[in-house]
Amino acid sequence: MATFVFLYFAAVIVMAASLVVVVRNPIYSALSLLVMFFHVAGLYVTLHAEFLAAIQIIVYAGAILVLYLFVVMLLNVKREEQFNRQGPVALFLGVALLTEAVLLTVSRGFTVGTPEPGREEAAVGNTESIGELLYSTYLFPFEIASLILLVAMIGAVILSKKGIMESQ
Amino acid sequence: MFDTSIKLALTLSQIGAVMGVVLLTVAVLTLLERKVLSWMQDRMGPMEVGPYGVLQPVADGLKLFFKEDIIPAGANKIMFSLAPILVLVPALIGFAVIPFGPNWTIDVMGVEFKPFVISDINIGVLYILAFASIGAYGVILGGWASNSKYSLLGGLRSAAQLISYELNVGLAIVGVLLLAGSLSLVEITEAQAGGFWNWFAFDPLPFPQFIAFVIFLIASVAETNRLPFDLPEAESELVAGFFTEYSGMRFAFFFMAEYANMILVSCMSTVLFFGGWHAPLPFLQAPGPFAWVTGIFWFTAKVYFFLFLFFWIRATLPRLRYDQLMRFGWKVLLPIALGNIVVTSLLAYIFPNG
């Protein structure tokens with residue numbers, strides 16, 4: 001049962017992810033991304049990481065992707081007209097990744113290792129354990145991440161205020 | 001296998017019951033809103049259908065059901081059909097984690113079953129927030145797919161508004177989560193047992209969450225696109241905003257979603273800030289096995305009070321302008337909500353057993 005669920009999620013994730021790149025209409029592209037986010041969240045649920053699943057939907061599907069859609073609608077791009085000359089780079093990267101995948105499959109055999117589910121602790125919930133880890137073991141990276149976000153935020157404010165400051 | 005099928009049957013009947021009650025309440029609300037608004041404006045409201053106009057929702061439902069379904073020329077058909085569903089489903093799905101009665105576990109033929117909550121998951125609050133944020137897609141796509149400038153403008157406004165006010169809803173709840181120490185709506189309700197002085201909106205120690213409640217209420221009025229924040233569908237400016245081009249059942253879906261969202265938000269206010277199914281005074285709660293009667297009564301009473309508040313606000317306040325809306329959300333509500341989190345966490349640290 002668990003394998004079946006995993007295979008379903010994995011198949012949809014791969015399909016939706018490739019649709020994001022293949023589809024010409026940016027709105028369809030954003031919607032395939034939405035489908036993908038939901039299935040990644042589903043994968044988290046099967047691993048007993050409910051908190052991550054909810055955050056995945058709130059942050060990526062609920063905030064970031066809505067902003068994308070917002071921009072796409074503002075520009076009202078019905079079809080992507082331009083065609084970038086990315087062929088050689090894409091070919092190189094594709095071949096490299098494919099070789100890697102084939103090598104890994106050959107070296108480890110075709111068995112799908114079942115992912116180890118997170119510990120199901122009766123007393124401490126998923127959210128509590130993540131919070132504890134973030135504020136003890138991973139405190140330093142956590143603070144660094146918030147600092148990076150702060151820098152990005154200040155950058156955004158300065159960029160948007162540039163015109164106003166110059167005109168004064 | 002037998003256990004699984006019993007569990008499935010129980011859960012499905014529970015979902016059916018909750019959805020039935022919610023959709024019935026939606027029908028009641030359409031009438032109630034018109035009646036309440038009429039009384040506030042000193043007129044009678046709908047009086048023609050049935051005695052005192054009480055059958056008006058039935059007539060409206062039949063009318064919408066038999067109306068011609070129009071898809072405008074040049075509209076994106078798939079997205080146009082998908083949008084109403086994307087709005088309605090997230091509005092209804094949130095009710096799965098709302099506890100509307102005592103947290104009992106009964107044993108039905110060897111299967112544990114909680115009669116008064118469909119699913120007690122330990123991230124209940126996040127679950128509701130996650131699906132509430134999905135509702136924005138339907139609005140944006142509906143506006144975009146209609147191929148009409150009014151719809152597009154409505155959809156754009158709505159996207160900006162939903163993103164801005166979603167943040168305030170989330171931050172207003174954080175104070176409650178700090179005090180309850182849990183994300184499960186059942187446990188949050190349990191933490192407020194004993195009387196109205198234990199409800200998070202009033203609980204004097206460590207810090208009453210009344211300010212947070214006001215922010216939550218304002219932000220959720222904005223989230224449900226109700227007046228005075230109904231810019232996405234402002235009739236006098238945008239015809240009907242993102243659902244200008246919709247008719248028949250698709251229009252009804254948007255309409256039902258708006259009311260279902262109002263009910264959901266009222267349920268959340270009740271559970272998070274006003275003690276859920278707990279009675280305001282201990283002696284108003286029936287003892288032992290009858291607790292569920294008063295529990296459901298108090299829960300319903302509180303939810304209807306908040307729904308009335310929605311109508312009251314609509315009848316009282318004029319619509320905000322777009323820039324006022326954004327300024328209010330980001331420069332007034334957000335700092336207050338952040339301040340509330342800081343104060344609450346400090347006081348919760350100083351008075352850990354408050």
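Colleague: How many residue pairs are in polar contact between chain A and chain B, counting those with both at pLDDT 80 or more?

Modeller: One residue pair. Keep in mind that this is a predicted model.

Colleague: And how many salt bridges are there between the two chains?

Modeller: Zero between chain A and chain B.

Colleague: How many residues does each chain put into the contact?

Modeller: Chain A supplies 26 residues and chain B supplies 25 residues.

Colleague: Which elements give two or more residues to the chain A side?

Modeller: Helix 2 (26-46), helix 3 (50-75) and helix 5 (126-135) of chain A. Helix 3 gives the most, with 14 residues.

Colleague: How do the residues on that side divide into nonpolar, polar and charged?

Modeller: You get 17 nonpolar, six polar and three charged on the side of chain A that touches chain B.

Colleague: Switching topic to B:Leu325. Which helix does B:Leu325 lie in?

Modeller: Helix 11 of chain B, which covers residues 322-350.

Colleague: Is B:Leu325 buried or exposed?

Modeller: Buried, because its relative accessible area is 0%, and the cut-off for buried is under 20%.

Colleague: How far apart are the C-alpha atoms of B:Leu325 and B:Leu162?

Modeller: They're separated by 11 Å, with the two residues 163 residues apart along the chain.

Key: Residues numbered from 1 in each chain as written. Chains lettered and ligands numbered in written order. Predicted model: local features only at pLDDT ≥ 70, side-chain atom pairs only at ≥ 80, totals over all residues. Heavy atoms only, no water. Contact = heavy atoms within 4.5 Å. Salt bridge = Lys/Arg side-chain N within 4 Å of Asp/Glu carboxyl O. Polar contact = N/O pair within 3.5 Å; in protein donor to acceptor, adjacent residues only side chain to side chain. Helix = DSSP H or I, 4+ residues; strand = E, 2+ residues; numbered from the N terminus. Nonpolar A, V, L, I, M, F, W, Y, C, P; charged D, E, K, R; others polar. Buried < 20%, exposed > 50% of the residue type's maximum accessible area, 1.4 Å probe, protein only.
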